[in-house]
Amino acid sequence: MPKSRIELRFGGTGGQGLVLSAKLLADALALEGRHVAQSQTYEPTSRGGFCNADLVVAAGEVDYPLPVAFDHLVLLDKIAVKPSWPRLKDGALVIADSRLCPELPDGSMRRCHFPLNRTAIELGSERVTNIVALGVLIEMTGLCKRASVEKVIRASSPRGFLDLNMDALAAGYDLAKAPVAAAAS
Amino acid sequence: MFREAPHFDVRDYLRKEMMPHFLCPGCGHGMALRALLWALHELKIDRDKLAVVSGIGCAGRLSAYIDANTFHTTHGRPLAYATGLALARPDLHVVVITGDGDCLAIGGNHLIHACRRNLKLTCLMLNNEIYGMTGGQVSPTTSETRLTTTTPHGNTEPNFDACALAIAAGAGFVGREVTRHVPKMKELIKHGLQHPGFAFIEVLSDCTEVYGRKNDMGSSSEMVMRQKSEMRPSAYRDSVDEPFRSTDLPTGVLARNARPEYGAALRAAAAARAAK
Amino acid sequence: MNAIDRSHAKPAAKLLSGNAACAQGALDAGCTFFAGYPITPSSEIAERLSVLLPKAGGVFIQMEDEIAAMAAVVGASMGGVKALTATSGPGFSLKQENIGYAAGAEIPCVVVNVMRGGPSTGMPTRPSQADIYQTRYGSHGDYPIIVLAPASAREIYDETIRAFDLAEICRTPVILLYDQVIAQSSETVALGGRAPVHATRKWASGPRESYKPYAADADGVPPMPRPGDGYRTHTTGLTHSESGFPSQDPETVTRNLGRLYAKLDHFRDLIDSYEAVRCEDAEVVIVAIGISARAARRAVDACRAEGHKVGLFRPITLWPFPEIALREATQHAKAILVPELNIGQLRLEIERQLRDRRVEGLHLISGEPITPAQIAAAATKLATEV
């Protein structure tokens, strides 16, 4: 039986596909019969500015749809550190991009750095950094089955992006096998 | 030419319970209304299927006199109401009656977009150069130097050429007529009603009681007689020190272009997408 | 089997944002016309209906401005179809005159207002609950109106359908009011559990000669003439008599406006809706809507776990305010707590309804939602004081 309520955030800047990652994960969880509430806070610009995509996962109906304290935090830009850090649970998992979010504050969290962005660039497009991150998160947490998220990605990818997305997801799974503990800043 | 079709009796088209009407003696709007009803009659438009949408002002009140489905809406918005009505009910024949203030000032945005969109509507704008109902304030078509209750020293703003505006905004059919020529007005409105898209018709009408009196323009018959000679200089063409020079604003059909009608195009696009 | 297990057995649940739920609800309610203008955070309703409506044989149009969108919706409804527009703060301000027209001329329509921070352009992407009075009193003059305030994607779906039903039954504009968080958050929703009521408009029938468009039935609602059916009536925003023609006769004007209020009173059983959670023995009752009510729901559990008798009263119909239900839910309450994202709006109404009770507000105007912890702390403080 999964934990009764899990809260997580994809944090970064507008245009990084954070909301998409959260929605893909939410759809995958919904497929598995979990109850999900997905929300976002953003600035009134389509690109740039902070953007946080949050997820609350529960076994039953979600009473309060916004996160209170995060179990997991994915950071694709340093801009998201400050507003998110005080809301991390003890022992929370933090997945951060090595280049875009190189410095993390101290704490009792499990802090991991991954070359998410570099991996995406090597795959051919920086735009799938969010999918690489999603792969890492799923692999490290077991939040949902691989098959569920793959099904969702297959159903929702625009033509020409499906292979790239699947490659990015797989690259994320691989990265997760070798987490790099973040150095204290 | 000036004889009406034998079976046209304007009283057949008016709501008797609304008589006597509230227009001032000498007001040109009655002649415009007559021309509209005459045109509807000659085209045999079924009044059960006729919707007349009007805004606020003297022109806006005319809808109540017409024995049809009539909607007296809010100031400046009759084109927007009519857009919703015509899209929801393509089986209706929708006519809009508006005035210069209603159509060009508070409702100006709706006019240019109605012209651009080209939904089948017939828009009849009665231009008397004044806000008559509120007591004679300056409007976007008031000629320069004219006296109004808000231009006590003479109007200093240039005025709109509504037809040029409609043409520039892409209206498929644009025409202008004066109330002095009721049969020609009727013919022009008939063309507009038959146009398969947005038709804009400006009628130069006289406000005798407020505008005429304030500017010493004589009796209503004198105002009507001068419609094509002395009145309505265009600020864009005339110098301010010579405001009453004869200008001969062009009348008749000023633009007629076949463009795709908006409602039909919308329905065709939806059908094509549904078929995919 | 408890609720949680039952929901597990429903894998058909889909992730739906509040705005998407609204669009789907409109479609399922039989709406065939949408006119709108882009504005954050309500645009997703327009975007979704631009796909769904043409497929269903309906019309979607993006108008030149907010005023035109409202006017087009009233125009479409005058033509006989169920029509919707959706907007937010600044756009809702612009729509007010034509909302008043719809109320006065009794044209059914549904208007969604997604609340964002104000005044003016304010905070387009942040939640607010500061339009509570604007929905009730936004247009000039005296007029009654119905305002529904759903608090989840699922409820937005249901209340959108109910909004159309009430609009048609009562011949009145209905406002659907919710905040940016509820609008743009997605939740797993299993649609189809509730059979939507499809209220149809009461159309005029019978002889045309003696027909009076504003002669009401016993329920206060006059049957509406449909253009094309041969009634050839006049509709105006001027005060009018039963004939539909303008009138300023004092007796006629008084009677007609009185009827607008009376017809909503007649349908109060249908209009009123609320949720009362653990209010039976509550010494502190929290009154809240939207995202604040969702936080309050958590706070109630937290307070109860600490032994405090705290309950939640959530008006789903905001206007007319369900005052009888409020009085019932607060009969044992020594204090009322009103958490809301404004400087004190819902609190005013509660103070007005419960003059003999201590009413405290918890007001946040920072553009952030109120958290369950903040509400629990305030409720606990009240519970220990009273």
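**Domain and chain contacts in the predicted model**

In the domain assignment, chain C is divided into domain 1 (14–189) and domain 2 (275–385). The model described here is predicted. Taken over C-alpha atoms, the centres of domain 1 of chain C and domain 2 of chain C are separated by 26 Å. The contact between these domains draws on 24 residues of domain 1 of chain C and 19 residues of domain 2 of chain C.

On the side of domain 1 of chain C that touches domain 2 of chain C, at least two residues each are supplied by β6 (123–127), α6 (132–137), β7 (146–148), β8 (173–179) and α8 (180–184) of chain C. Among these elements, α6(C) gives the most, with four residues. In composition, this side of domain 1 of chain C comprises 16 nonpolar, four polar and four charged residues.

A further contact joins chain B and chain C, with 34 residues from chain B and 36 residues from chain C. On the side of chain B that touches chain C, β2 (69–72), α2 (78–88), α4 (108–117) and α9 (262–275) of chain B each provide at least two residues. The most is given by α2(B), which contributes eight residues to this side. The residues of the side of chain B that touches chain C are divided into 15 nonpolar, 10 polar and nine charged.

Strand pairing also links chain B with chain C: β2(B) pairs in the parallel sense with strand β10 (residues 234–236) of chain C, over three bridges. Within this pairing, B:Thr70 has C:His234 of β10(C) as its bridge partner.

Key: Residues numbered from 1 in each chain as written. Chains lettered and ligands numbered in written order. Predicted model: local features only at pLDDT ≥ 70, side-chain atom pairs only at ≥ 80, totals over all residues. Domains from an automatic or database assignment. Contact = placed C-beta atoms within 7 Å. Nonpolar A, V, L, I, M, F, W, Y, C, P; charged D, E, K, R; others polar. Pairing = 2+ DSSP bridges.
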